[in-house]
Amino acid sequence: MADKKNLLLLFDHPTEPVFMDKGKTVTVFDVPDNYLTDRYRPISNEVQSRVGEKVEQRVPVREISIPDLRIPMSLGRNEQFSLFIPKHRRIAGRLIDIFMNMRSVDDLQSVAVYARDRVNPVMFNYALSVALLHRPDTQGLDLPSFAQTFPDRFVDSQVFRELREESFVVQPGSRMPIVIPRDYTASDLEPEHRLWYFREDLGINLHHWHWHLVYPFEASDRSIVNKDRRGELFYYMHEQIMARYNMERFSNNLARVQPFNNLRDPIAEGYFPKMDSLVSSRAWPPRFDNTRINDLNREQDQINVEVADMERWRDRIFEAIHQGFVMDERGQQVPLDEATGIDVLGNIMESSILSPNRTLYGDLHNFGHVFISYSHDTNNKHLESFGVIGDSSTAMRDPAFYRWHAYIDRIFQEHKSRLPAYTDTQLNYAGISITGVQVAANGNQPNVLNTFWQQSDMDLSRGFDFTPRGNVFARFTHLTHTPFTYTINVNNDGGAQRFGYVRIFIAPKNDERGQPMLMREQRLMMVELDKFVVSLNPGPNTIRRRSTESSVTIPFERTFRNLDANRPGAGTAEELEFNFCGCGWPNHMLIPKGLPEGLRCDLFVMVSNYENDRIDQELVGRCSDAASYCGVRDRRYPDRQSMGYPFDRLPRTGADRLVNFLTPNMSIVDVSIRHNNETTIRKA
């Protein structure tokens with residue numbers, strides 16, 4: 001019987017033939033001759049014996065009858081693959097179905113080995129990842145970081161020549177990390193470039209890729225797509241990205257991002273990614289300043305869509321919001337109510353297979369990505385592929401991503417603004433009051449959060465094809481902060497122990513003009529920092545919570561997932577806890593950059609009634625530690641309230657400022673985020 005962990009080796013060296021050696025322990029798959037591609041079948045003995053003496057482990061591959069792979073093979077091996085293109089989604093969905101329907105791990109290994117050298121490498125990675133995350137017999141596996149297998153999507157292409165030289169000339173034990181330049185995509189003449197550290201952060205882009213792995217759009221097994229509150233999570237995760245991005249803009253003396261409201265307007269911001277795709281052997285195309293989107297006619301991708309189609313889809317969605325219901329394919333009304341309306345709307349906007357009526361409401365979100373990504377070559381005249389915004393692992397690098405998502409969020413907020421405001425009763429927790437809040441790093445000034453630059457190393461050797469083996473490190477610069485602790489004093493006036501759900505948010509106090517923010521605007525910039533359950537004894541209680549325990553983030557090691565380091569013994573209880581799931585906001589980006597003189601913020605803390613919020617389920621070993629943006633694998637979202645509660649709706653009458661919004665179970669404290677423009681090197 002095949003060891004399921006060997007399936008992870010198929011992610012290594014994605015463009016090399018499958019029979020080449022893989023893994024830190026030199027491992028080869030014994031590939032049946034019939035499984036080799038036409039190029040290597042006639043010389044199978046010669047090529048399969050090349051690794052020879054160095055082999056430490058051989059993995060037998062059983063020969064089985066292979067399912068029909070014509071659809072998965074219809075996307076060329078050296079083409080770019082995008083989840084936003086419907087044809088590519090259907091092709092990937094077919095490959096996911098094939099992997100899911102294999103009866104055993106042995107059969108899955110056989111068909112994956114056969115398919116690996118015949119289908120597009122990025123699509124293979126995506127489809128196998130989705131299958132391993134969702135098959136009951138492979139769910140415990142830790143997927144390698146996408147940045148390790150496709151480093152070209154995260155790293156300046158100039159660095160690769162230096163990395164190749166280092167790996168070719170220097171023995172593994174003596175290799176030095178190659179430093180990725182700090183800001184290589186533009187100069188200070190471009191104001192948007194001040195945000196390079198957010199848009200081009202490896203961890204943020206990995207989070208976006210991994211989120212779409214956990215929440216795929218397409219599969220014939222509906223349960224893979226139909227996860228609890230999936231549409232609402234699409235709304236909330238992207239709404240939070242926008243809140244965070246706007247706080248970063250304030251940290252760089254820039255105004256909030258302008259939504260891309262008029263699809264006929266030029267996109268002012270250009271973007272030149274300066275990256276090469278190792279799969280297509282092409283540079284990622286740039287977009288010049290003031291480019292307009294135009295009707296798309298690209299036969300190869302089966303795309304023939306007009307800008308007017310997008311405008312029709314948008315108008316129908318707005319009409320549905322204002323009527324309070326959508327029409328499904330049978331002509332039945334589906335209400336957009338308080339409880340599930342946002343979930344229905346999220347599935348329509350992202351247009352997964354859960355959309356109640358794709359024909360009527362179209363594919364607005366995805367085609368926004370597609371239109372912008374092909375704006376440089378709308379009819380394939382120049383045989384150019386899509387730009388970075390067309391790929392979920394690179395989309396967040398492009399300033400246009402945020403303009404498009406500001407617009408998508410505006411449509412969601414149109415629905416949210418029509419819901420009744422939360423009443424005092426829905427917000428208050430009778431008998432519970434917060435008497436004090438403080439946040440502080442060890443020994444530092446209270447209520448001041450400090451950010452700075454840090455350099456960290458990542459091993460890219462898994463994705464370095466046709467080069468000598470051994471670790472190849474790149475050193476990249478990222479924002480981080482001094483870890484801190486919340487101290488919250490809560491009074492329980494009741495005579496019995498009670499449970500509360502603590503919700504912590506942060507938002508800037510003032511707008512871009514330096515004026516105090518109104519609640520209706522400030523709520524859209526509320527960034528969730530943490531959410532957790534506490535037990536409250538009668539009388540005063542002091543709650544302490546470390547920033548590293550956040551329900552939003554995953555630790556640095558998990559974002560970059562060096563799965564060979566610090567691994568507990570096989571089969572131990574600790575190994576189950578080492579259940580790295582990879583979906584979660586990177587902890588080093590929990591706090592916005594702030595300003596040298598300090599960015600003034602409101603830190604908001606609420607203790608809501610856990611009896612109203614609780615979801616009864618077992619969460620042990622279920623990757624539940626970054627549930628706020630990612631949910632919990634195979635479980636319900638662990639909070640009954642709307643995502644973003646209590647800020648997801650307009651405030652009640654009279655609560656025009658945050659201070660007027662507060663009930664006794666809430667508190668705010670003034671916090672300053674100070675940026676220190678110094679760089680440290682992260683200790684391994």
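## Helices and strands in contact

In this predicted model, helix α2 meets helix α4 through Ile 91, Ala 92, Leu 95, Ile 96, Phe 99 and Met 100, which touch Met 123, Phe 124, Tyr 126, Ala 127, Leu 128, Val 130, Ala 131 and His 134 of α4. Look at the spacing of such numbers with one rule in mind: an α-helix has 3.6 residues a turn, so residues three or four places apart point the same way.

How do the two helices lie? The axes of α2 (residues 86-101) and α4 (residues 121-134) come within 9 Å and cross at roughly 45°. That angle makes α2 oblique to α4, and the crossing is right-handed.

Now let us turn to helix α11. With 17 residues (307-323) at 1.5 Å a residue, α11 should span 24 Å, and its end C-alpha atoms are 25 Å apart, which agrees. Its buried residues include Val 307, Trp 313, Arg 314 and Ile 321. The buried residues of α11 pack against the strands β7 (303-305) and β8 (325-327), and also against the helices α12, α13, α14 and α15. After α11 comes Gly 324, with a positive phi near 85°.

Finally, strand β20 (residues 666-681) pairs with two strands, β11 and β19. Here are those pairings side by side.

Key
Residues numbered from 1 in each chain as written. Predicted model: local features only at pLDDT ≥ 70, side-chain atom pairs only at ≥ 80, totals over all residues. Heavy atoms only, no water. Helix = DSSP H or I, 4+ residues; strand = E, 2+ residues; numbered from the N terminus. Expected span 1.5 Å × (residues − 1). Buried < 20%, exposed > 50% of the residue type's maximum accessible area, 1.4 Å probe, protein only. Contact = heavy atoms within 4.5 Å. Pairing = 2+ DSSP bridges. Axes fitted to C-alpha atoms, helices over the stretch in contact; angles between N-to-C directions. Parallel < 35°, antiparallel > 145°, perpendicular 65-115°, else oblique. Left-handed = near helix turned anticlockwise from the far one by under 90°.
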